[in-house]
Amino acid sequence: MERWFEYRHTVGFEETNIVGNVYYVNYLRWQGRCREMFLKERAPEVLADLQADLKLFTLRVDCEFFAEITAFDELAIRMHLRELAQTQIEFGFDYVRLDADGGEVLVARGAQRVACMRGPNTRTVPSRVPAALEAALKPYATGVRA
C-alpha cells in the first residue's frame, strides 16, 4: 500500500514564466489543491464540517526545489502526514515528474502546517482535529510525530 495521497497534474503554459519554467508560487497552489482533493475523496464528511464552523488555517508552507519543470510535464503531487497534534496537522509533499518511459524524478519537496479552528471570524479558537479527518489521515502517516 502506498503511504501517500496522490494528485496528478499536467503543467500548463499559464503556470510558467517568460523563461518557460514553472513559477514558484504554483508549487504552493498545488499543495492546496492536493489537500482539497484529499478532503473530497478521503474525508467528505469534513467538507460538511468546513461549511459549518471548522476552519483550516494554513500556518506555514515551504518548498525546496531540485529540478525545473516546464509546460506539459506530468506531475504527481504526493501528500503524506508528517505530524498530527491535538489541534494541528503537518503535511509533507513530494513533487514527482512522471516521464513517458515510466521513470520518476523528484523535482521538489514541500510541507504545510495547518491549525484546526472553530468559531466566528472575530472569535476563532483552536479546535481538536476532527476524528473523521484524523482517521482519513492515518493511512498516510510516515514517521508521524504525535
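Q: Are tyrosine 27 and tryptophan 30 buried or exposed?
A: Buried means under 20% relative accessible area, exposed over 50%, and partly exposed in between (1.4 Å probe, protein chains only). Here both tyrosine 27 and tryptophan 30 are buried. Keep in mind that this is a predicted model, where local features need pLDDT of at least 70, side-chain atom pairs count only at pLDDT 80 or more, and totals for chains, interfaces and linings use all residues. Residues are numbered from 1 along each chain as its sequence is written, and side-chain values use heavy atoms, leaving out hydrogens and water.

Q: What kind of aromatic pair do tyrosine 27 and tryptophan 30 form?
A: Rings of Phe, Tyr and Trp (its six-membered ring) pair if their centres lie within 6.5 Å; planes under 30 degrees apart are stacked, over 60 edge-to-face, and the rest tilted. A search of the whole structure turns up 9 aromatic pairs. The one between tyrosine 27 and tryptophan 30 is tilted, at 5.3 Å centre to centre with 55° between the planes. Phenylalanine 91 and phenylalanine 93 make a tilted pair too, at 6.4 Å and 50°.

Q: Which residues do ring pairs link into a cluster?
A: That would be Tyr27, Trp30, Phe65 and Tyr95.
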